[in-house]
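Let's take a walk through a protein model together. Have a look around the structure, and then we'll stop at a few spots.

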Amino acid sequence: MIMLSPEKENSRSDRDRATACFLEKSGFIRLVAYESAPSPDLLGDIVNDVFIYFVERADRWDYRRDLTPLLRKITRHIALRHWREHLKNLPGALGEVFEFLREAKESESDRLENLEEEMAALDLCLIKLPAKYRQLIEAHYFGKIKLVEIAKEQDIKIGTLKKTMCRVRSTLRECVERSLGKGDCDVQ
C-alpha cells in the first residue's frame, strides 16, 4: 500500500470536496453558462473550464460557506473569455455588434444580481421592523390593500397613516443601504 504525505492527502481531500461541491452546483453552473455563453455550442466547454479552474484551486475555497456566488463569478469570467475568443473569429462589423450585445447582456445580468441582493437585504430589514410597521408594509405592498382601507381597519386618520408609511419606507431604505454597504441591516 502506498502512503501519501499529509500535504498530498490534504490536497486530495480538497479536490474531492471541490468536485463534490461542483457536482452539487452543476445545474446552477450550466444555467449561468447558458446565459453567458456566446453560443450554445460552447456550453460544455465553459462548464468543463469552470470545473478545471475550480478543482485546480481546491485548497483556496472555504467549503463551510455557500460557494454559489463564487461559482457564478468564475462561470461568467470563463464565459467572457470564450466571448473574446469567439469575437476574434468574426468579421469586424459583426464582432462589434456581438460585443455590444454581450455588454448589454452583462449589464442586465449585473442589474438582476443587484436586485437579488437588494431584495435579500429588504427581507432582512423587514424582519427587523417592529411587528405593527411590518404588518402595514406587508398589507399595503404585498397584500395590495389600499391605504384608505388600512386606515379604516386600523381606525386611524389617513394622513397619520401616510406619514407613518413614509417614515417606515425611509427607515427601510436606510437599512437596505447600510446592509448593501456594510453587510449588516439593523433597523434604527
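Which helix gives the most to the lining of the second largest pocket? It's H6, with 3 residues. Before going on, know that this is a predicted model, where local features need pLDDT of at least 70 and side-chain atom pairs count only at pLDDT 80 or more, while totals for chains, interfaces and linings use all residues. Residues are numbered from 1 along each chain as its sequence is written, and side-chain values use heavy atoms, leaving out hydrogens and water.

What is lining this pocket? You'll find Leu122, Leu126, Ile137, Tyr141, Phe142, Arg169 and Leu172 there. Helix H5 (92-128), helix H6 (131-142) and helix H8 (158-182) each give two or more residues to that lining. By type, the lining has 6 nonpolar residues, no polar ones and 1 charged.

(Helices, H or I with at least four residues, are DSSP runs numbered from the N terminus. Ala, Val, Leu, Ile, Met, Phe, Trp, Tyr, Cys and Pro count as nonpolar, Asp, Glu, Lys and Arg as charged, and the others, Gly among them, as polar. On a 1 Å grid over the protein atoms alone, a pocket is an open set of points where a 1.4 Å probe fits, with protein on both sides within 12 Å along at least five of seven lines; lining residues have an atom within 4 Å of a point.)

Now find His82 in helix H4 (residues 68-88). His82 counts as buried because its relative accessibility is 14%, and buried means under 20% relative accessible area with a 1.4 Å probe, protein chains only. Leaving aside residues up to four places away in sequence, His82 touches Pro38, Leu42, Asp45, Ile46 and Asp49, where contact means heavy atoms within 4.5 Å.

Conventions: Buried < 20%, exposed > 50% of the residue type's maximum accessible area, 1.4 Å probe, protein only.
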